[in-house]
Amino acid sequence: MTVAAMDKTCIGKMSDYPPGEIRPATLADGTALAVYNVDGRIYATADLCTHGEASLSEEGILTGCTVECPWHFGTFDVTNGRATAMPCTIPLKTYAVEVVDEDVYVQG
């Protein structure tokens, strides 16, 4: 997927996002993101859990493509934002990601 040049923010290098981990990032407009490396592929979602507003980048637990919120143990699929376990029912906002020459760009 190609991210439109005028709408993208460089959030770092691939090396900033180790496999199997979550890191915070911020868009140019100040939007806080949680950025995930799942088997070498980068995904980005809104940073706050839609149920308890916990920071997923600071406190979330990533297992495969599932992030668990530590406040109430609800989960989301980071590839599409879908809520996958109660008490979470509202999906996370997701952002298109593009990697160009090791630079990671997020649309938004």
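Is E102 buried, exposed or partly exposed? E102 has a relative accessible area of 48% and is therefore partly exposed (buried means under 20% relative accessible area, exposed over 50%, partly exposed in between, with a 1.4 Å probe and protein chains only). The model is predicted, so local features need pLDDT of at least 70 and side-chain atom pairs count only at pLDDT 80 or more, while totals for chains, interfaces and linings use all residues. Residues are numbered from 1 along each chain as its sequence is written, and side-chain values use heavy atoms, with hydrogens and water left out.

From the N terminus, the order of elements is β-β-β-β-α-β-β-β-β-β-β-β. The radius of gyration is 13 Å, close to the 13 Å that the globule rule gives for 108 residues, so the chain is as compact as a globular protein of that length (the radius is taken over C-alpha atoms, and the rule is 2.2 Å times the number of residues to the power 0.38). The C-alpha trace spans about 40 × 25 × 20 Å along its principal axes. Of the 108 residues, 44% count as buried. Among contacts with a separation of 6 or more, 43% join residues 24 or more positions apart (contact means heavy atoms within 4.5 Å).

The largest nonpolar core has 16 residues (such a core is a set of buried Ala, Val, Leu, Ile, Met, Phe, Trp, Tyr and Cys residues joined through side-chain atoms within 4.5 Å). Y36, L56, L62, V67, F76 and V78 have the most contacts inside this core. Strand β3 (residues 32-38) supplies the largest share, three residues. A second, separate core has 13 residues, including Y17, L27, L33 and A44.

Two residues show how the chain packs. Beyond its neighbours within four places in sequence, F76 contacts C49, T50, C65, T66, V67, G81, R82, A83, T84, C88, I90 and L92. V38 lies in strand β3. V38 counts as buried because its relative accessibility is 11%. Residues up to four places away aside, V38 touches Y43, L62, G64, C65 and V78. V38 and T66 are 28 residues apart in sequence, with their C-alpha atoms 9.4 Å apart in space.

The largest pocket holds about 280 Å³ of space (on a 1 Å grid over the protein atoms alone, a pocket is an open set of points where a 1.4 Å probe fits, with protein on both sides within 12 Å along at least five of seven lines; lining residues have an atom within 4 Å of a point). Its volume is the space filled by probe spheres set on the points, which are joined across faces, edges and corners. The lining comprises 14 residues, and R41, I42, Y43, A96 and V97 lie nearest the centre. Elements giving two or more residues are β4 (41-46), β9 (94-95) and β10 (97-100). β4 gives the most, with four residues.

Some backbone features fall in loops. The peptide bond from M86 to P87 is cis, with omega near 10°. P87 sits in the loop between β8 (83-85) and β9. E53 is a residue other than glycine with a positive phi, near 60°. E53 occupies the loop between β4 and α1 (56-59), and counts as exposed at 56% relative accessibility. Phi of E102 is also positive, near 75°. E102 lies in the loop between β10 and β11 (103-107).
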